[in-house]
Every structure is written in C-alpha cells, then in structure tokens.
Amino acid sequence: MQDKALLNQAKEVLRKNHNGRFTKPAPNLYPHQWNWDAGFIALGYAPFAIGRAKQELNHLFSAQWPNGMVPQIVFGQEKEARYFPGPDFWQTPHFPGRPHSSGITMPPVHGFVLRRLLTKDPNAREDVAFYREKYQQILSLHQYLYEHRDPQKEGLAYVRHPWEPGTDNSPTWDPVLATIDPSKLSIPAYTRKDLQNPEAAKHRPTQEDYDRYVYLVDLFRQQRYDDAKIHERCPFQIQDPLFNAILAWSNESLYEVARWLKVDTGLVSEWMQATKEGLQGKLWNEQSGHYQAYDLFQERPLPCRTSSAFMPLIAGIPGPEQARRMLEQLQGPGFSGTPENPAFKYPTYDLRAADVDYEKYWRGPVWINMNWLLWNGLLRYGFTEEALAVQTDSLQLIREKGFYEYFDPRKNQPEGPGYGTHQFSWTAALAISWLAPIYPS
Ligand code: 9WN
C-alpha cells in the first residue's frame with residue numbers, strides 16, 4: 001500500500017472514533033476518553049485539523065480536578081458503556097459542571113503536546129487564549145504531581161495504580177503486585193467487560209491482576225481520594241522512569257510555551273532541575289546502564305529492563321555516555337533481536353527475559369506510542385539512523401497488519417495478526433504525525 005493511502009486511512013480511523021466531543025481510543029474496547037491517548041491523538045490531528053486537536057485537550061481538561069489532577073478516564077455520556085470500572089464503581093467526587101471521571105491520573109504528556117500544537121498552529125497568535133488557558137491547566141497538573149506525588153521531594157512523581165503509568169501489565173510491577181494477595185483481601189464484587197471483546201480477550205491481564213486493580217480502586221474510594229491518606233496506606237507507589245521522563249519533557253516544553261506567552265518561567269525551571277536530579281541520582285542504574293523504577297512503599301529498586309528504561313532520552317536527561325550505552329542496548333539482541341531472529345523495533349520488554357511474552361499486553365509486544373517516544377529521544381541525541389529504523393519498522397507493521405493496539409515483535413512471523421483492539425486511535429494518530437510531513441495536504 002502507498003503511504004499516501006495509509007495516511008488517508010489513518011485519518012479515517014480518527015474520524016470514525018470521534019463522537020462529536022472527543023476521540024475514543026478504539027471503537028468498542030475503550031468507549032470513553034483516555035488521558036494520554038488524548039495527547040497522542042491531538043498530535044495526529046495537529047497537521048490537518050488543529051481545531052480537533054484543541055478540542056481533545058479542551059475536553060480532557062474539562063474534567064481536571066480542583067486539586068489539579070487530570071483523570072485517566074473522562075467518561076462519555078453513555079453511562080452503561082462497555083467498560084469496567086465505570087463511574088458507579090469509581091465513586092469519585094462530582095465537581096459541578098465537570099464530567100464524571102476515574103480517580104487516578106496518567107503520564108503528563110500534555111506539556112509536550114501543547115508545545116507541538118503551538119508549532120503547527122498557523123493562527124497561534126490569534127488563539128493565544130487557548131494556549132494561555134492550557135498552559136495554566138498543565139501547570140496546575142504538574143503542581144499537583146510535585147505537591148502530592150513526591151512525598152520525599154526528590155523531583156520524582158510516584159504512580160499508585162498500574163493504570164497510571166499507562167503500561168498496565170508491565171513485568172516491572174510484578175514484584176509489587178505480588179505483595180497484594182487477593183485471596184487474603186476483601187475484593188468488592190465486579191464483572192470485567194474487557195473479556196467480552198473477543199479480539200482483545202486473549203492477551204489481557206489475568207483475573208488475579210484485575211482483583212488487585214480493583215482492590216486498589218476500592219482503597220482509593222474508601223479514603224475518599226485523599227492523597228495523604230492514600231500515601232499512608234497504598235502498597236503500590238512507584239517512581240517510574242517513563243512517567244517521570246514524560247514529566248521532564250513536558251516541563252521543558254512548558255518552559256518554552258511560557259517564554260512564548262511571556263510569563264514567568266521560575267517555577268518550571270525549578271521543576272526541570274529537580275526531576276533531572278531525581279532521574280539521574282535515583283533512577284539511573286550504573287551497572288546495567290539504563291534507568292529503573294523504584295518501589296517507594298517497600299523502598300527497593302525494580303530493576304526490570306523494559307523499554308521504559310530508556311525513556312529519559314526524550315527529555316535530554318542522560319549525558320552522552322549514558323545515551324551511548326542505552327543505544328547499544330536498543331540495537332542489541334534484547335530490543336532488536338539477532339540476525340537469525342530479528343525483531344521489529346522495539347519490543348516493550350527485553351526479548352532475552354525468561355518471562356517475555358510476544359503476544360501479551362505490555363509484556364513484549366511493540367506499541368506505537370513507545371516507538372514514537374523513543375524515536376524522539378534518539379533524534380534528540382543525533383542517533384538518526386536508529387531513529388529512522390524505528391519509524392520504518394513502525395510504519396511497516398501498521399501497513400502490513402493494520403491500525404492495531406500492539407504488535408508481535410518477531411520479524412519471522414510474517415503471517416501473524418496485530419494484537420489487541422483494531423482501529424486504535426493513537427496508532428493512527430502517530431502514523432499521521434510521521435506521514436503528514438511527507439504528504440502535506
Ligand atoms: C486502562 C486506552 C488505554 C491506554 C493504556 C492501555 C489500556 C486500559 C485498560 O488502554 O489501558 O487504562 O483497560 O487496559 O494499557 O495505555 O491508555 O487506550
């Protein structure tokens with residue numbers, strides 16, 4: 001297929017998933033608005049429908065909590081929609097005039113998204129009100145993260161549920177989830193809806209993990225979403241290199257937007273410095289040459305080599321030697337395969353790990369948003385050839401298999417299908433962001 005046709009198909013995916021108010025991540029499995037999806041989707045709209053890109057962010061931030069938190073899910077109007085947990089289960093406080101939402105957050109992509117919109121918007125100066133408002137809202141989201149998610153003031157925000165870092169089923173969380181034993185806990189009754197979707201059911205998280213997810217949500221609602229009380233009790237509190245690299249990149253982008261708006265950059269500069277120090281001082285593992293997550297509750301590192309371990313590249317955090325060591329790993333057998341068994345760049349988990357799973361949700365497959373992030377990180381360090389290879393592999397997967405949620409990393413499985421749900425919005429959106437500059441409309 002010609003890439004021009006692929007570009008048009010990608011636009012069609014977004015058009016079909018748009019419901020008049022926002023763009024769903026996928027037609028059936030994910031019927032509401034999701035936080036970081038909205039950011040990636042906005043990047044896809046930016047080159048050809050800047051108004052839609054702004055609408056995504058406006059809708060998402062219409063559900064921002066008074067404390068600054070931006071929720072993981074903003075529920076659509078269909079209360080009975082096919083997703084669990086819905087608003088009745090979350091029981092989050094209802095803020096007048098704001099849509100219902102879940103009670104946790106997701107990676108703060110909005111700063112770098114806003115900065116990108118600004119560069120693509122031909123009429124940015126005429127719409128300064130939009131940029132001013134979003135800047136303030138994103139600033140208050142970051143303020144929330146530094147105030148309520150960084151208890152030891154290390155410049156690192158912690159996540160409190162596997163849904164918050166967006167990489168829900170990553171093996172990184174296994175040792176922490178293992179401390180939550182569902183058979184010894186009282187888990188409220190619930191019915192999963194994700195398994196009703198035959199195309200996705202096979203690769204979804206286990207029942208035991210869902211019990212743990214539900215246990216955590218129940219804990220939050222029992223504490224009435226009080227951050228201090230949750231911090232005292234929650235067994236899942238992790239400083240994740242992906243989440244914090246995104247925070248760092250968004251800080252840097254906010255700094256640039258602040259300069260464009262001619263407003264004070266003092267606070268953002270402090271955050272930039274603090275998070276850089278946190279990533280370099282606490283999350284870098286000198287021995288293995290990559291970043292790693294840290295379990296704040298049990299006070300122990302979680303040295304798991306997933307693709308999140310390389311993400312600080314996006315924010316220019318590593319020095320040249322650190323970056324070189326990470327490039328070597330990305331090009332090596334763990335993330336690029338071997339000559340006999342080559343891999344599409346990049347599996348989300350080291351292919352040599354004993355428990356790597358080529359098909360299972362976040363435990364090995366290629367995800368396009370992770371590729372898009374690493375592509376940016378590689379370009380930033382001048383690793384142009386490697387960045388090009390990531391883009392080429394991503395587009396090949398989409399061209400050959402379709403706009404799937406995730407993909408088998410093995411190149412010698414040419415007949416294999418894409419995995420997860422089909423017509424997945426961010427796969428389409430990020431394909432647009434790669435292809436639109438080649439075929440400007
Ligand atoms: C829970 C919507 C979201 C993505 C996440 C992805 C998946 C949800 C789920 O779908 O998570 O948030 O039900 O599994 O893991 O990254 O934002 O596309």
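Predicted model: local features only at pLDDT ≥ 70, side-chain atom pairs only at ≥ 80, totals over all residues.
C304 takes part in no disulfide, and the nearest cysteine sulfur, that of C234, is 19 Å away. A disulfide requires the two sulfur atoms to be within 2.5 Å.

A search of the whole structure finds zero disulfides. C234 is accordingly in none, with the sulfur of C304, the nearest of any cysteine, 19 Å away.

**Close-up of H18 and its surroundings.** H18 sits in the loop that runs between α1 (3-17) and β1 (33-34). Its relative accessibility is 13%, so H18 counts as buried. A polar atom of the H18 side chain lies 3.3 Å from the backbone nitrogen of G20. Beyond its neighbours within four places in sequence, H18 is in contact with T23, Y45, R52, Q55 and E56.

Helix α3 covers residues 50-61, and its end C-alpha atoms are 17 Å apart. Twelve residues at 1.5 Å a residue should span 16 Å, so the two values agree. Which residues of α3 are buried? They are I50, A53, K54, E56, L57, H59, L60 and F61. An α-helix has 3.6 residues a turn, so residues three or four places apart point the same way.

The buried residues of α3 are covered by elements including β1, α2 (35-45) and β2 (73-74). The helices α5 (110-120) and α6 (128-148) are also among the covering elements.

Key. Residues numbered from 1 in each chain as written. Heavy atoms only, no water. Helix = DSSP H or I, 4+ residues; strand = E, 2+ residues; numbered from the N terminus. Buried < 20%, exposed > 50% of the residue type's maximum accessible area, 1.4 Å probe, protein only. Polar contact = N/O pair within 3.5 Å; in protein donor to acceptor, adjacent residues only side chain to side chain. Contact = heavy atoms within 4.5 Å. Expected span 1.5 Å × (residues − 1).
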